[in-house]
Amino acid sequence: IMGPQYEKARYEIYQNSQAYNEGMLRELQDLKIQYLSGTDEQKGMLKSIIIHRFAVYDISRLPPDLQSFYYNIR
């Protein structure tokens, strides 16, 4: 039987994988583009989604443009 410690370790390994990090960066970059090109109404709807998605990722691992974007919309 696999316990919580095993699952935690497995999840941490996944979070450090190249596929996970590249996928998150791509998703966050796409959200940034949608936000910047959106109407005021769209920006309002996207803002909470963006804050939530950024919150589950280590901000220090983001490129400077995404860090700046995140801090500007918070």
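The crossing of α3 and α4 is left-handed, a label used when the near helix is turned anticlockwise from the far one by less than a right angle, with clockwise counting as right-handed. This is a predicted model, in which local features need pLDDT of at least 70 and side-chain atom pairs count only at pLDDT 80 or more, while totals for chains, interfaces and linings use all residues. Residues are numbered from 1 along each chain as its sequence is written, and side-chain values use heavy atoms, leaving out hydrogens and water.

On confidence, pLDDT is the predictor's own score for each residue, from 0 to 100. The protein chain averages 91, and 97% of its residues reach 70 or more. Helices here are DSSP runs of H or I with at least four residues, numbered from the N terminus.

Back to the first pair. Two packed helices are described by the angle between their axes and the distance between the axes. Axes are lines fitted to C-alpha atoms over the stretch in contact, and angles run from 0 to 180 degrees between N-to-C directions. Helix α3 (residues 40-55) packs against helix α4 (residues 64-73) at about 125 degrees, with the axes 10 Å apart. The two are therefore oblique to each other; under 35 degrees would count as roughly parallel, over 145 as roughly antiparallel and 65 to 115 as roughly perpendicular, with the rest oblique. Contact (heavy atoms within 4.5 Å) involves Lys47, Ile50, Ile51 and Phe54 of α3, together with Leu66, Phe69, Tyr70 and Ile73 of α4. That makes seven nonpolar residues, one charged and no polar, where Ala, Val, Leu, Ile, Met, Phe, Trp, Tyr, Cys and Pro count as nonpolar, Asp, Glu, Lys and Arg as charged, and the others, Gly among them, as polar.

Helix α4 also meets helix α2 (residues 18-37), with axes that come within 11 Å and cross at roughly 50 degrees. This pair, too, is therefore oblique, and the crossing is left-handed. On the α2 side sit Leu25, Leu28, Gln29, Lys32, Tyr35 and Leu36, facing Asp65, Leu66, Phe69 and Ile73 of α4. By class, these are seven nonpolar, one polar and two charged.

Tyr35 belongs to α2 and Phe69 to α4, so the pair ties together parts 34 residues apart in sequence.

Finally, the axes of α2 and α3 come within 10 Å and cross at roughly 160 degrees, so these helices are roughly antiparallel.
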